[in-house]
Amino acid sequence: MTKVYLGLGSNLGDREEHLRRAIVLIGERVGEVLRQSSFIETEPWGFESENRFLNAVILCETDLTPRQLLRTTQQIERDMGKSRKHATVRNQRSTQFKDRPIDIDILLYDDLTVDEPDLKIPHPLMQERDFVMIPLREIRDE
């Protein structure tokens, strides 16, 4: 079994309920959730919005490959109401972030490094994001 850290965020609707529901679905579809950080409220990162985020990080065990994990987390996002209008828009020059009911990022997948156009592990921006690093430190130090 592989240990994976996932970052969760929500800034639309009942943010706490969205995070709790995502954790349940990850437990059902990805693997056992071993640890969960506290929920922290943060300002949007990388874009302007009146909606603050609620963020968390979880650790789980999985037998999914990185590609299967990506497909599964993206399906959970869709099942929870993330649509194309909520999706992050990327092109060659920039990334445009948007409000969303749920966002699930693969942060770490054991010690594996993946560098593909649509899948990068470790998450390339996690060191720049307190909303990832604070909850990640919380559960990694346990």
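Predicted model: local features only at pLDDT ≥ 70, side-chain atom pairs only at ≥ 80, totals over all residues.
**Exercise 1. Work out how the buried residues of helix H2 are arranged, and what covers them.**

Solution. Start with the extent of the helix. H2 covers residues 66-79, which is 14 residues. From first C-alpha to last it reaches 20 Å, close to the 20 Å expected at 1.5 Å a residue. Then list its buried residues: Pro 66, Leu 69, Leu 70, Thr 72, Thr 73, Ile 76 and Glu 77. Viewed down the axis of H2, these buried residues fall within an arc of 170 degrees, so they line one face of the helix. The cover over them includes strands E1 (2-10), E7 (103-109), E8 (114-116) and E9 (119-121), together with helix H1 (15-29). Just after H2, Gly 81 has a positive phi of about 105 degrees.

**Exercise 2. Identify the residues with the most contacts inside the largest nonpolar core, and the elements that build this core.**

Solution. The largest nonpolar core has 25 residues, and those touching the most other members are Leu 6, Leu 8, Ile 26, Leu 69, Ile 104 and Ile 106. At least two residues of this core come from each of E1, H1, strand E4 (53-62), H2, E7 and E9. H1 gives the most, with five residues. Take Ile 106 as a case: beyond its neighbours within four places in sequence, its contacts are Tyr 5, Leu 6, Pro 66, Leu 69, Leu 70, Leu 119, Lys 120, Ile 121 and His 123. There is also a second, separate core of twelve residues, including Leu 59, Leu 107, Val 132 and Leu 136.

**Exercise 3. Decide whether Ile 139 is buried or exposed, and name the residues it touches.**

Solution. Locate the residue: Ile 139 lies in helix H3 (residues 130-140). Buried means under 20% relative accessible area. Ile 139 has 0% relative accessibility, so it counts as buried. Setting aside residues up to four places away in sequence, Ile 139 touches Tyr 5, Arg 35, Gln 36, Ser 37, Val 57, Ile 58 and Leu 59. Tyr 5 is 134 residues from Ile 139 along the chain, yet their C-alpha atoms are separated by 9.6 Å.

Key: Residues numbered from 1 in each chain as written. Heavy atoms only, no water. Helix = DSSP H or I, 4+ residues; strand = E, 2+ residues; numbered from the N terminus. Expected span 1.5 Å × (residues − 1). Buried < 20%, exposed > 50% of the residue type's maximum accessible area, 1.4 Å probe, protein only. Arc of directions from axis to C-beta. Contact = heavy atoms within 4.5 Å. Core = buried A, V, L, I, M, F, W, Y, C linked by side-chain atoms within 4.5 Å.
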